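Here's a quick walk through a few pieces of this fold.

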Amino acid sequence: MIPTILSIAGTDPSGGAGIQADLKAFSALGGYGTTVVTALVAQTTTGVSEVHDVPAAFVRSQLDTLLTDVRVDAVKIGMLSNTEVIEVVAAAIDAYQLPNVVLDPVMVAKSGDRLLAAEAVEALRTELLPRADLITPNLPEAADLLGEAEATDPADMRGQAERLLALGPRRVLLKGGHLSGPTSTDLLLSADGEAETLTAERVDTTNTHGTGCTLSSAIAALRPQRPTWSQAVREAKDYLTEALRHADELEIGKGKGPVHHFHAWWGRQAPRSR
């Protein structure tokens with residue numbers, strides 16, 4: 001059975017991040033994608049020009065309408081720009097007992113534009129982290145959630161991952177891509193005490209738009225198809241690494257271009273009509 005994955009997130013007209021990236025990753029990894037839009041974001045590879053928040057009542061309507069009809073096997077939560085929307089999503093997780101919740105705490109775009117209101121950070125921390133099966137912050141997001149300086153080495157990462165875990169999520173994947181060096185190392189901690197280090201070769205490309213969205217959505221797509229979170233996370237990281245390796249093939253936009261979600265399918269001839 002093909003798993004149905006729900007993305008609750010904002011949009012990206014350039015197609016590299018947000019709901020558009022989520023749907024591509026779901027499809028590339030064998031999932032069927034569904035969506036609830038939380039914000040309409042005017043952005044490209046060079047930055048964000050405007051954000052239009054979807055009213056919380058309409059986010060609730062989207063969730064209720066979808067979830068009373070469609071089975072959901074995993075959830076990826078991305079951009080939630082204000083406290084009211086965060087509360088609506090938290091209530092839906094409880095009401096519908098949504099499984100395999102992956103929370104990517106999107107706060108700031110790669111361009112530096114803030115996507116989560118500063119006053120909503122506390123709501124994200126208290127309402128959604130305890131309801132998540134896995135959170136996937138990068139180092140700046142982890143620092144923002146904890147109110148601390150950004151980690152600068154693996155020891156700092158471990159301490160921050162442990163403090164994030166104490167806020168209630170069942171697992172934390174702290175991404176170390178902002179550190180320097182020839183490899184990109186992430187740390188996966190779970191509430192049962194398991195810890196894993198995941199290392200991949202750092203890919204030499206400037207086309208990194210949507211990497212966080214892509215990784216979290218890849219994990220959500222793979223989790224219903226894999227026996228453990230560890231396996232889903234490892235395969236999702238491998239998928240992202242290959243998407244980065246092929247990113248320069250796309251030539252999209254004038255800034256930081258997107259990763260190549262369909263790198264495994266590129267160049268295959270479309271079937272001819274009969």
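## Helix H7

This is a predicted model, and a handy place to begin is helix H7, residues 211-222. With twelve residues at 1.5 Å a residue, H7 should span 16 Å, and the distance between its end C-alpha atoms is 16 Å, so the two agree.

Is H7 buried or exposed? Go along the helix and you'll find Thr-211, Gly-212, Cys-213, Thr-214, Leu-215, Ser-216, Ser-217, Ala-218, Ile-219, Ala-220, Ala-221 and Leu-222 buried. That's twelve of the twelve residues, so the rest of the structure largely encloses H7.

## Lys-76 in strand E4

Lys-76 sits in strand E4, which covers residues 74-77. Its relative accessibility is 1%, and since buried means under 20%, Lys-76 counts as buried.

What does Lys-76 contact once you set aside its neighbours within four places in sequence? From the stretch that forms H7 come Cys-213, Ser-216, Ser-217 and Ala-220, among the contacts of Lys-76. Other contacts of Lys-76 include Leu-6, Ser-7, Ile-8, Asp-22 and Phe-26, along with Val-102 and Asp-104. Lys-76 and Ile-135 are 59 residues apart along the chain, and their C-alpha atoms are separated by 9.8 Å.

E8 and E9 form a hairpin with four residues between them, and in the turn Gly-193 has a positive phi of about 100°.

## Helices H2 and H3

Two packed helices are described by the angle between their axes and the distance between the axes. For H2 (residues 56-67) and H3 (residues 83-96), the angle is about 20° and the axes are 9 Å apart.

Which residues make the contact? H2 brings Ala-56, Val-59, Arg-60, Leu-63, Asp-64 and Leu-67. On the H3 side, the contact is made by Glu-84, Val-85, Val-88, Val-89, Ala-92 and Tyr-96.

Terms used: Residues are numbered from 1 along each chain as its sequence is written. This is a predicted model: local features need pLDDT of at least 70, side-chain atom pairs count only at pLDDT 80 or more; totals for chains, interfaces and linings use all residues. Side-chain values use heavy atoms; hydrogens and water are left out. Helices (H or I, at least four residues) and strands (E, at least two) are DSSP runs, numbered from the N terminus. The expected span of a helix is 1.5 Å times one less than its number of residues. Buried means under 20% relative accessible area, exposed over 50%, partly exposed in between (1.4 Å probe, protein chains only). Two strands pair if DSSP finds at least two bridges between them. Axes are lines fitted to C-alpha atoms, for helices over the stretch in contact, and angles run from 0 to 180 degrees between N-to-C directions. Contact means heavy atoms within 4.5 Å.
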